Amino acid sequence: MHDDLAQRVAAATPPALARRLRGVSDRTIAWLFVTPTILLLLAVNIFPLNWTIRLSLTNFRTNRPNNPVEFVGIENYRKILTNPDTWASLQATAHFLIWTIVLQVLIGFALAYLINKKFRGNDLWTTLIVLPMMLSPAVVGNFWTFLYQPQIGLFNYFVAFLTGADPASFSMIGEVSLAPWAIIIVDTWMWTPFVMLICLAGLRSIPPSIYEAAECDRASKWRQFWTITLPMALPFLMLAVLFRGIENFKMFDLVVQLTGGGPGATTQLTSIDLKREAFEKWRTGFASAYAVILFVTVFGLASIYVKALNKVKDR
Amino acid sequence: MSYSITEPSSRQKWIAGILVVGYALLTLLPLVWIIATGFKTPADAIAYPPKVVFTPSLEGYVNLFTSRSRVTPEDLAALGPPTTWYDAIVRQYDMVITGPSRYGERFMNSVIIGFGSTFLSVFLGTIAAYAFSRFKVPLKDDLLFFILSTRMMPPIAVAIPIFLMYRELGLSDTHLGMILLYTAVNLSLSVWLLKGFIDEIPIEYEEAALIDGYTRFQAFYKVVLPQAATGIASTAIFCLIFAWNEYAFAVLLTSGTAQTAPPFIPTIIGAGGKDWPAVAAGATLFLLPIMVFTILLRKHLLRGITFGAVRK
């Protein structure tokens, strides 16, 4: 009897109200479902970030916990921004960032363009090309040092085979002039597939009817590429650049295994420099200020870039 | 058969195919080389010119899994003939096996931490994504952006306070600490990917279920979860791959008990310098599951990569 009444009431009431009548309210469920995620992220991201900012204003050193901790204001920030080493590692990072993005966009887009010709077996070959980006950068980077060995390394042998140079005459990771390129080559090898996949999604999103219309108007293939393909794939390309940019600004594992920042400081990217300060010299306060500066930089650059990206999308 | 004027000609397809296959073969060469080096003897591994044809040997794998020590020829003779095939390999170098190496433990740590954090981040990610997709959550856009922005921080920058925090809480070098950390890192990806998948499920299904007398919870796990299964599975694979491959946190926050394989493999050394066949053997065992995974699940995986990226 009661059940019958309840059902009739439920059927007569609008769904939103009916839902509230049964057990836990949606509001409670929403909170129940979202809170654990937010709490964990607060604990592992915001709380540490807050701590980092506070540490960055002190002279705290983790390896000397009994030393008095003094408030030094923005002294750490001043030191970092006037330190030529910081600028050297920012420069190394910029060099790495620019060249990896240029190479990966060019090769990745070209590959996507070719794969989009839909030759037989293209999806299997796409998967095989994607393999390097799925693997552990540290483990693979470590093995690349073997490929880069003078004389016995496969890479040197390959270059020697193509150019006729002596494979023992150069060391990709041992020479100041070559090491920055050694890390660019491995990063490009590893991450071009990522750019390729995003470009492929972009190319596949272009409706074929546009090309058909262009064909009817007798637009040349060349013109179709510049007026249809490229502009329509541009938002995707820019997205790929954003992701690679953020990732490579944070780059640590691959390069630390490949060169460890050397020779000298030629491949000492900001993350590696930061790791030295924080976990080898144990200048925790100083390193915290460094971390804040890096985070603000990547966040600022990404925000400006996203604005530009949205403009392109809206066009 | 309908004829499309935009379909590439068969000559174009051939040229495209040859170029792509050429690139693929070149790009796979380092991976093939890792696998091949694992089956070489140390002498073959560093031969010049690099050996393409060689007699396969399990020396790399034996060295990977054992720790050995050198003995004098007299002591070796006194031991009598080797009892096992791996003993025999080791004794060629005047060595005896003294016990297992740490590789097995490190590999198991990777499995425990990888699967543990994947389970947690997919579980938390699914329910959070459901709430974000279906309910009015206050400050929804801000929260979603906050979740995404956690991904922008360089791991080393986050590692400084986490290192101090974990030391205070006794979480340094523990499985639990690493699982929680990787879960937090993966959550941004998992919430965003899963929200995309759940958004695609028509809300009418649940409304119908609710009218039929299901509670919200029942509607969630009887209607929404089965519909989102593919999305959940591909999200899980991404989370697993990240946790499996992660190095920066692992190298800074673990040293013994909870150390995973990526920081361990590069430290494998042999008697005279780096034991490349053993390193390659360790790398092969560690990388191969992901390679097989990728090839078998390519349909979902490839879609997932761009899907996640394009949505953001």
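A residue counts as buried if 20 or more other C-beta atoms lie within 10 Å of its own, as exposed if 12 or fewer do, and as partly exposed in between. By that rule A:Trp282, with 14 other C-beta atoms within 10 Å, is partly exposed. The legends below refer to a predicted model.

View 1. A:Trp282 sits in the loop between α13 and α14 of chain A, and its phi is near 55°, a positive value in a residue other than glycine. A:Lys118, which is not a glycine, has a positive phi of about 55° and belongs to the loop between α5 (84-115) and α6 (122-134) of chain A. Because 14 other C-beta atoms lie within 10 Å of A:Lys118, this residue is partly exposed.

View 2. In chain A, the peptide bond that runs from A:Gly262 to A:Pro263 is cis, with omega near -10°, and A:Pro263 is placed in the loop between α12 (253-258) and α13 of chain A. In chain B, a cis peptide bond links B:Tyr48 to B:Pro49, with omega about -5°, and B:Pro49 is located in the loop between α2 (42-45) and α3 (59-65) of chain B.

**View 3. Helix α8 of chain B, with a kink centred on B:Pro161.** The kink in α8(B) amounts to about 30° and is centred on B:Pro161. Helix α8 (residues 155-169) of chain B has 15 residues, which at 1.5 Å a residue should span 21 Å, and the 20 Å between its end C-alpha atoms agrees with this. The buried residues of α8(B) are B:Pro155, B:Ile156, B:Ala157, B:Val158, B:Ala159, B:Ile160, B:Pro161, B:Ile162 and B:Tyr166, so the proline on which the kink is centred is itself buried by the criterion of 20 or more other C-beta atoms within 10 Å. The cover over these buried residues includes elements of both chains, namely α3 (26-55), α13 (270-279) and α14 (284-314) of chain A together with α9 (175-199) and α13 (248-253) of chain B. Just after α8(B), B:Gly170 adopts a positive phi of about 70°.

**View 4. Helix α15 of chain B, with a bend at B:Leu287.** At B:Leu287, α15(B) bends by about 35°, and the proline B:Pro289 follows within four residues. Among the buried residues of α15(B) are B:Trp276, B:Pro277, B:Phe286, B:Leu287 and B:Thr294.

View 5. B:Tyr93 occupies the loop between α5 (85-91) and β2 (95-100) of chain B, where it is partly exposed, with 14 other C-beta atoms within 10 Å. The C-alpha atoms of B:Tyr93 and B:Ile127 are separated by 57 Å, although these residues are 34 residues apart along the chain. B:Met108 belongs to helix α6 (residues 103-134) of chain B and is exposed, because 12 other C-beta atoms lie within 10 Å of its own. Between the C-alpha atoms of B:Met108 and B:Thr98, which are 10 residues apart along the chain, the separation is 21 Å.

**View 6. The contact between chain B and chain A.** On the two sides of this contact, 81 residues of chain B meet 81 residues of chain A. Helix α1 (residues 10-38) of chain B contributes the most to the side of chain B that touches chain A, with 15 residues. By class, that side of chain B comprises 67 nonpolar, 10 polar and 4 charged residues. The model has an ipTM of 0.88 and a pTM of 0.88.

**View 7. The domains of chain A and the confidence of the two chains.** The domain assignment divides chain A into domain 1 (2-55) and domain 2 (75-314), and the C-alpha centres of these two domains of chain A are 41 Å apart. Chain A has a mean pLDDT of 87, with 92% of its residues at 70 or more. Chain B averages a pLDDT of 87, and 95% of its residues score at least 70.

Notes:
Residues are numbered from 1 along each chain as its sequence is written. Chains are lettered from A and ligands numbered from 1 in the order in which they are written. This is a predicted model: local features need pLDDT of at least 70, side-chain atom pairs count only at pLDDT 80 or more; totals for chains, interfaces and linings use all residues. Domain bounds come from an automatic or database domain assignment. Two residues are in contact if their C-beta atoms, placed from the backbone, lie within 7 Å. Helices (H or I, at least four residues) and strands (E, at least two) are DSSP runs, numbered from the N terminus. Ala, Val, Leu, Ile, Met, Phe, Trp, Tyr, Cys and Pro count as nonpolar, Asp, Glu, Lys and Arg as charged, and the others, Gly among them, as polar. pLDDT is the predictor's confidence in each residue, from 0 to 100. The bend at a residue is the angle between axes fitted to the seven residues ending there and the seven starting there. The expected span of a helix is 1.5 Å times one less than its number of residues.
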